[in-house]
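Colleague: Could you walk me through this model and tell me where each label comes from? I would like to see the values set against their definitions.

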Amino acid sequence: MPIALYAHPFSSYCQKVLIALYENAIPFELRLLAPGNEQVAAEHRALWPIGKMPVLVDEGRTVVEASLIVEHLDRHHPGPTRWLPEDPRAALDVRMMDRFFDNYVMTPMQKIVGDSLRAAEDRDRQGVSEARALLETAYRWLADAMKGREWAAGDAPSLADCAAAPALFYADWAHPIAPAFSNVHAYRRRLLAWPPFARAVDEARPYRPLFPLGAPDRD
Ligand SMILES: N[C@@H](CCC(=O)N[C@@H](CS)C(=O)NCC(=O)O)C(=O)O
């Protein structure tokens, strides 16, 4: 039975997993979570009532949370690119950067985007301004952390880069990265040129009109 991935190509957390699948050419069946696909939505709800995507099913085992899905693929479908180093200290560096991108880039980016989908009277101005401030702090910290680095942790692509690519891609749309943070811009550009992420971005192009803040005419 092929791996099934419940996902949508425009979702940042789904792209995090798609990178890992594409990079190591792992075959899978996309169970597209999109309006009108009621059967797929019902399967997804039954597998993971929390309702978040992506969800992966492999040999009857359900795996949730993008980082854990990438770790599952690394253990059970290892390919030429390994996502977590064997060395425990190096693996901790990768996990730390993965947490950084999820918690301090992806989360505030989602807050800004999610808030823009709310009715005007339900907007959370304070929450959005806190999210913007957090993104500024995260960009500044990352600009320093990326000095002399090509990849987020160590000298090879890892789980941390799977997290970084969609996080920085969309965060720059939601709250532009200041030109002064040139290391962050350069890293984001390298990620956009990374073949598995370039493919995920290309496949998601038709959905750009869905970006509620208006997708910029670039990338
Ligand atoms: N912690 C989850 C977050 C996943 C997540 O936020 N997914 C979004 C799409 S990018 C989602 O499912 N949104 C739909 C919803 O919240 O109903 C992970 O790492 O997989």
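Colleague: What makes up the chain, in helices and strands?

Modeller: The chain has eight helices and four strands, where helices (H or I, at least four residues) and strands (E, at least two) are DSSP runs, numbered from the N terminus. Their order along the sequence is β-α-β-α-β-β-α-α-α-α-α-α. Please keep in mind that this is a predicted model, in which local features need pLDDT of at least 70, side-chain atom pairs count only at pLDDT 80 or more, and totals for chains, interfaces and linings use all residues. Residues are numbered from 1 along each chain as its sequence is written, and side-chain values use heavy atoms, with hydrogens and water left out.

Colleague: Why is Ala4 called buried?

Modeller: Buried means under 20% relative accessible area, exposed over 50%, and partly exposed in between (1.4 Å probe, protein chains only). Ala4 has 11% relative accessibility, so it counts as buried. Ala4 belongs to strand E1 (residues 3-7). Across the whole chain, 48% of the 219 residues are buried.

Colleague: Which residues is Ala4 in contact with, leaving aside neighbours within four places in sequence?

Modeller: Contact means heavy atoms within 4.5 Å, and on that basis Ala4 touches Glu29, Arg31, Val55, Leu56 and Val57. Of these, Glu29 is 25 residues from Ala4 in sequence, with 4.8 Å between their C-alpha atoms.

Colleague: Why does Ala25 count as exposed, and what is its phi?

Modeller: Ala25 has 64% relative accessibility, so it falls in the exposed class. Its phi is positive, about 50 degrees, although Ala25 is not a glycine. Ala25 sits in the loop between helix H1 (12-23) and strand E2 (28-32).

Colleague: And what makes Glu65 partly exposed?

Modeller: The relative accessible area of Glu65 is 47%, so it is partly exposed. Glu65 also has a positive phi, about 75 degrees, without being a glycine. Its place is the loop between strand E4 (61-64) and helix H3 (66-76).

Colleague: Where is there a cis peptide bond?

Modeller: Met53 and Pro54 are joined by one, with omega about 5 degrees. Pro54 is in the loop between helix H2 (38-47) and strand E3 (55-58).
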